[in-house]
Amino acid sequence: MFWSFAYKDWDRNSQKGWEHAYNNVMSNLHNGAILLLHAVSSDNAQALEHIITDARKKGYEFGDVFELIKIARGETE
């Protein structure tokens, strides 16, 4: 499994604020997106609640890659 979205968020010395992380993620959301967000990013940590809330408002749901595999194979109920 490979991610469909990632950005330079792993550099602790290059944090640009939670809005930067939020805007990066929200502008790249799409059906089936696999987001790679590094846990060392304070920007991601501060933006995550906003991202989840606003993505859900847009109709997106969250799951794990194993669910996506089942969907891709047509194995969902």
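Let's start with Lys 57, which is exposed, at a relative accessible area of 67%. For that scale, buried means under 20% relative accessible area, exposed over 50%, and partly exposed in between, with a 1.4 Å probe and protein chains only. Before going on, a word on the source: this is a predicted model, where local features need pLDDT of at least 70 and side-chain atom pairs count only at pLDDT 80 or more, while totals for chains, interfaces and linings use all residues. Residues are numbered from 1 along each chain as its sequence is written, and side-chain values use heavy atoms, with hydrogens and water left out.

Back to Lys 57. Which residue forms a salt bridge with Lys 57? That's Asp 54, with the closest N and O atoms 3.8 Å apart. The rule here is a side-chain nitrogen of Lys or Arg within 4 Å of a carboxyl oxygen of Asp or Glu, and searching the whole structure turns up one such bridge. Both partners sit in helix H2, residues 42-57, three residues apart, or about one turn of the helix. Helices are DSSP runs (H or I, at least four residues), numbered from the N terminus.

Staying in H2, look at Ala 55. Buried or exposed, would you say, for Ala 55? Buried, with a relative accessible area of 1%. Leaving out residues up to four places away in sequence, Ala 55 touches Met 26, Leu 29, Tyr 60 and Phe 62, where contact means heavy atoms within 4.5 Å. Ala 55 and Leu 29 are 26 residues apart along the chain, and their C-alpha atoms are separated by 8.1 Å.

Asn 44 is another H2 residue, and Asn 44 is buried too, at 7%. Skipping neighbours within four places in sequence, Asn 44 is in contact with Tyr 7, Asp 9, Ala 21, Leu 37 and His 38.

Now the aromatics. Rings of Phe, Tyr and Trp (its six-membered ring) pair if their centres lie within 6.5 Å; planes under 30 degrees apart are stacked, over 60 edge-to-face, and the rest tilted. By that rule we get three aromatic pairs. One of them is Phe 2 with Trp 3, stacked at 4.3 Å centre to centre and 20 degrees between the planes. Phe 2 is exposed at 61%, and Trp 3 is partly exposed at 37%. Then there's Trp 18 with Tyr 22, edge-to-face, 6.1 Å centre to centre and 75 degrees between the planes. Those two are four residues apart in helix H1 (residues 18-26), so about one helical turn separates them. Trp 18 is partly exposed at 28%, whereas Tyr 22 is buried at 18%.

Last topic, empty space. Rolling a probe the size of a water molecule over the atoms shows where it is left. The largest pocket holds about 610 Å³. Of its 22 lining residues, the closest to its centre are Ala 33, Glu 61, Phe 62, Gly 63 and Leu 68. A pocket here is an open set of points on a 1 Å grid over the protein atoms alone, where a 1.4 Å probe fits, with protein on both sides within 12 Å along at least five of seven lines; lining residues have an atom within 4 Å of a point. Grid points are joined across faces, edges and corners, and the volume is the space filled by probe spheres set on the points. H2 and helix H3 (65-73) each supply at least two residues of that lining.
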